[in-house]
Amino acid sequence: MYPRSFEYVSPGSLDEATSVLASTEGAKVLAGGMSLLPLMKLRLFSPDVLVDIGRIPGLSSIEDRGDHLAIGAMVRHADTASDSLIGEHAAALATAASWTGDVQVRNQGTTCGAIAHADIAADQPSAALALGATMVAASAGGVREIAASEFFVDTLTTALEQGEILTEVRIPKQGGGSAYEKLGRRGGHTDYAVAGAAVWLDVSNGAVSSARVALTGVGAKPTLAEGVVEALVGTDGSDAAIAEASERALEGVTVLDDLFGTVEYKAHLAKVMTRRALQQAVAAAR
């Protein structure tokens, strides 16, 4: 199926892009297009104007800025997956990016695009949430920072406002270890997650000193599993402690059933993936 007719704009600067978005009702940002274009072809979404940011300089790099890594709006999934800095400081995100879509999608789609799209079963939003990322949004009115914990609002809905572009994602260089685990809809790690868990944690003096755990695929949005953290911090991070903490993965989470799993099945998977990711993160932190 073909999309409805639309106007295509390819600005040469960020200021030009934000100006077009501010002055044009119904305009939508196009980066990799791996989520947007299929929706348009199915006519589930029909923007009047596409603002392609692919030719804007300075948006395609991963930078080390001392206390954090900055991932630009046009950094592809494949680049996030293979970058040595991401692998060292944000292994959960590197893994999530490597399990996003197929080869074609990873070479065309962008990390910022996946995070801005906020699909309930996507991989990278939960990793960004567990890693304590900060989202940087630019508009004609200026630039603002949004904590990952406040960014994901609901299904396919973020805190980005009309006219804003997610220009970069900042990942703090916080030490510790991180990991991501999921079961994909076609088994293994392919396709969207039936249930997945991203973890970041730190270990000090033999005990888990701090942690964040985020779930994907089970609820209406990427969600922090606060109960797991409450149960795990202060323990020795043993398999027994991890197993006990993982049982609290669904506290405060409304699990949604769909074609890929019942509530009971997804709840079980969420606990299993949380346990596996925690074990990997503890091993990495030590």
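**A loop residue and its surroundings**

Reply: Ala 118 sits in the loop between α7 and α8; helices (H or I, at least four residues) and strands (E, at least two) are DSSP runs, numbered from the N terminus. Residues are numbered from 1 along each chain as its sequence is written. This is a predicted model, in which local features need pLDDT of at least 70, side-chain atom pairs count only at pLDDT 80 or more, and totals for chains, interfaces and linings use all residues, while side-chain values use heavy atoms, with hydrogens and water left out.

Me: Is Ala 118 buried or exposed?
Reply: Ala 118 counts as buried, at 1% relative accessibility. Buried means under 20% relative accessible area, exposed over 50%, and partly exposed in between (1.4 Å probe, protein chains only).

Me: What about the phi of Ala 118?
Reply: Ala 118 has a positive phi of about 55 degrees, although it is not a glycine. Most residues other than glycine have a negative phi.

Me: And which value does the phi of Leu 156 have?
Reply: The phi of Leu 156 is near 55 degrees, a positive value in a residue other than glycine. Leu 156 is in the loop between β8 (152–154) and β9. With a relative accessible area of 46%, Leu 156 is partly exposed.

Me: Where is Phe 152?
Reply: Phe 152 is in strand β8. Phe 152 is buried, with a relative accessible area of 4%.

Me: Which residues does Phe 152 touch?
Reply: Not counting residues up to four places away in sequence, Phe 152 touches Ile 115, Ala 118, Pro 125, Leu 129, Met 135, Thr 157, Lys 221 and Pro 222. Contact means heavy atoms within 4.5 Å. The C-alpha atoms of Phe 152 and Asp 119 are separated by 9.9 Å, and these two residues are 33 residues apart along the chain.

Me: Changing topic: how many salt bridges are there in the whole structure?
Reply: A search of the whole structure finds 14 salt bridges. A salt bridge is a side-chain nitrogen of Lys or Arg within 4 Å of a carboxyl oxygen of Asp or Glu.

Me: What does Lys 182 meet in a salt bridge?
Reply: The side chain of Lys 182 meets that of Asp 123, at 3.1 Å from N to O. Lys 182 lies in strand β11 (residues 177–184) and Asp 123 in the loop between α7 (111–117) and α8 (124–130), so this pair ties together parts that are 59 residues apart in sequence. Both Lys 182 and Asp 123 are buried.

Me: And what does Arg 144 form a salt bridge with?
Reply: One partner of Arg 144 is Glu 161, with the closest N and O atoms 3.8 Å apart. This pair links distant parts of the chain, 17 residues apart: Arg 144 is in strand β7 (residues 142–147), and Glu 161 is in the loop between β9 (157–158) and β10 (165–172). Arg 144 counts as partly exposed, at 29% relative accessibility.

Me: How far apart are the closest N and O atoms of Glu 164 and Arg 144?
Reply: In the salt bridge of Glu 164 with Arg 144, the closest N and O atoms are 2.6 Å apart. Glu 164 lies in the loop between β9 and β10 and Arg 144 in strand β7, so the pair ties together parts that are 20 residues apart in sequence. Glu 164 is buried, with a relative accessible area of 11%.

Me: Which residues do salt bridges that share partners join into one network?
Reply: Glu 63, Arg 65, Glu 145, Glu 168 and Arg 170 are joined in this way.

Me: Now Leu 201: where does that residue lie?
Reply: Leu 201 lies in strand β12 (residues 193–204) and counts as buried, at 0% relative accessibility. Its contacts, leaving aside neighbours within four places in sequence, include Gly 176, Val 208, Leu 232 and Val 282.

Me: Finally, how many helices and strands does the chain have?
Reply: The secondary structure comes to 12 helices and 14 strands. Of the 286 residues of the chain, 47% count as buried.
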